[in-house]
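This report goes through one structure part by part.

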Amino acid sequence: MIHSRITGTGGYLPGDPVDNNALIAARGLDSSDEWIAERTGIRARHFAPAGAAASDLALVASQRALESAGCAPNDIDLIVLATSTPDFIFPSTAALLQDKLGITNGAAAFDLQAVCSGFIYALSVADKFIRSGSHKRALVVGAEVFSRILDWRDRGTCVLFGDGAGAIVLEASDTPGIYATALHADGRYRDILAVAGHVCDGQTIGDPFLRMDGQAVFKFAVKVLAEVADEVIRAAGMTADQVDWLVPHQANIRIMQATAKKLRLPVEKCIVTVDRHGNTSAASIPLALDEAVRSGKIGAGDTVLLEGVGGGFTWGAALLKF
Ligand code: ACO
């Protein structure tokens with residue numbers, strides 16, 4: 001039986017951290033470090049410089065993941081890139097990344113759009129490709145420049161997000177690897193978190209900025225994250241106390257703490273980067289995973305639960321042996 005296994009991780013955050021006070025001063029916001037930190041846990045985030053795009057961030061994260069997996073770009077035969085802030089409408093950011101990495105072997109490459117659940121969706125898709133036997137070594141990436149879709153006059157959203165990219169190499173293996181994944185969506189909730197603008201006849205029609213009903217998102221996230229975590233743990237025939245590390249989507253420390261509590265996981269088992277990264281959407285989980293691996297927290301043989309929730313609404317989880 002073919003399984004898939006993570007063999008390398010990489011992450012990239014552009015530029016210097018921008019702390020809450022610096023953001024408030026730069027954008028003239030009626031807010032405070034205390035308000036942001038207490039409600040969200042966020043103290044700083046990174047922003048890509050003008051002219052930098054998701055593929056530029058993805059490139060560095062991918063190079064680091066390839067290096068840690070010990071493989072060359074042309075060893076990759078599949079690129080699945082999750083983003084809601086692609087470089088262009090088309091070609092895909094995955095195809096741009098393929099070119100920037102110098103991959104010339106005809107590897108399949110496509111973007112996947114599931115907002116903050118994007119990396120979990122991409123991981124699950126790549127796992128299924130590998131387990132089917134059609135592909136052997138995938139680059140799975142989450143890359144975002146959410147700063148490009150923020151309304152800097154909306155203090156309720158612009159303080160929450162940052163830019164970044166994270167990547168993993170996922171390879172065919174005789175042993176797991178990925179134990180189980182679960183993906184869900186419910187389009188009836190599409191309006192509580194959306195960028196509703198679109199391009200038509202050379203113009204942006206509608207609102208080009210991210211809009212969110214924060215309280216509705218909060219309630220929905222806590223409910224579905226606990227459910228989907230439970231679903232993958234049961235699908236793998238395991239129990240929550242066998243989970244060594246929880247790597248949740250990094251949106252809000254209170255959502256993460258509530259999820260850990262529902263799973264009866266000690267908060268120390270939860271990897272937290274939201275304080276320094278903000279919410280980097282599809283990049284947040286692979287960035288947090290990479291940081292935890294490089295800091296020596298997550299090591300070989302650990303059982304790791306990844307979970308995310310985002311616009312759509314979409315949500316999902318993956319349980320794996322690192
Ligand atoms: N600074 C100061 N005051 C603010 C700010 C700010 N940055 N933002 C909003 N406020 C004000 C509001 O205007 C409101 O003032 P009012 O009472 O005078 O009208 C007051 O604070 C309370 O606003 P609420 O929106 O009710 O604040 P809440 O306690 O719900 O916190 C927050 C808002 C932090 C967004 C919270 O709802 C939340 O974390 N929701 C989860 C959403 C999330 O994490 N989204 C990330 C994207 S989705 C995802 O990744 C899953």
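Phe 313 sits in the loop between strand E14 (303–310) and strand E15. Helices here are DSSP runs of H or I with at least four residues, strands are runs of E with at least two, and both are numbered from the N terminus. The peptide bond that leads from Gly 312 into Phe 313 is cis, with omega near -10 degrees.

The model is a predicted one: local features need pLDDT of at least 70, side-chain atom pairs count only at pLDDT 80 or more, and totals for chains, interfaces and linings use all residues. Residues are numbered from 1 along each chain as its sequence is written, and side-chain values use heavy atoms, with hydrogens and water left out.

**Backbone features**

Another cis peptide bond runs from Phe 90 to Pro 91, with omega near 5 degrees. Pro 91 belongs to the loop between strand E4 (78–82) and helix H4 (93–101).

Arg 264 is in the loop between helix H8 (253–262) and helix H9 (274–277), while Ser 281 is in the loop between H9 and H10. Are these residues buried or exposed? Buried means under 20% relative accessible area, exposed means over 50%, and partly exposed is in between (1.4 Å probe, protein chains only). Arg 264 has 77% relative accessibility, so it counts as exposed. Ser 281 has 1%, so it counts as buried.

Helix H10 (residues 284–294) is mostly covered, as 8 of its 11 residues are buried. Among them are Ser 284, Ile 285, Leu 289 and Ala 292. Just after H10, Gly 296 takes a positive phi of about 90 degrees.

**Aromatic pairs**

A pair of aromatic rings is described by the distance of the centres and the angle of the planes. Rings of Phe, Tyr and Trp (its six-membered ring) pair if their centres lie within 6.5 Å; planes under 30 degrees apart count as stacked, over 60 as edge-to-face and the rest as tilted. The structure holds 6 such pairs. The rings of Phe 110 and Phe 129 have planes at 40 degrees and centres 6.1 Å apart, so this pair is tilted. It links distant parts of the chain, with Phe 110 in strand E5 (residues 108–112) and Phe 129 in helix H5 (residues 118–132), 19 residues apart. Phe 110 is partly exposed, with a relative accessible area of 28%, and Phe 129 is partly exposed with a relative accessible area of 28%.

Phe 220 and Trp 315 make an edge-to-face pair, 5.4 Å centre to centre with 80 degrees between the planes. Here too the pair links distant parts of the chain: Phe 220 is in helix H7, Trp 315 is in strand E15 (residues 314–321), and 95 residues separate them. Phe 220 is buried at a relative accessible area of 12%, and Trp 315 is buried at 11%.

**A buried serine**

Ser 55 is in helix H3 (residues 54–69) and is buried, with a relative accessible area of 0%. Its side chain makes a polar contact of 2.5 Å with the side chain of Asp 87. A polar contact is a pair of N or O atoms within 3.5 Å; within protein, one must be able to donate a hydrogen and the other to accept it, and residues adjacent in sequence count only if both atoms are side-chain atoms.

**The ligand site**

Which residues come nearest to the ligand? Of the 22 residues around the ligand, these are Ser 31, Arg 39, Gln 215, His 249 and Asn 252. A residue is near a molecule if one of its heavy atoms lies within 4 Å of it.

| Residue | Ligand atom | Distance |
|---|---|---|
| Ser 31 | nitrogen | 2.6 Å |
| His 249 | oxygen | 2.8 Å |
| Asn 252 | oxygen | 2.5 Å |

Taken alone the ligand exposes 1,000 Å², and the protein buries 73% of that. Helix H2 (33–40), helix H6 (155–158) and helix H7 (214–235) each supply at least two residues of the shell; H7 gives the most, with 4 residues. Domain 1 (3–174) and domain 2 (179–321) both give residues to the shell, so the ligand lies between them.

Conventions:
Areas by Shrake-Rupley, 256 points an atom, 1.4 Å probe, with all protein chains shown as cover. Domains from an automatic or database assignment.
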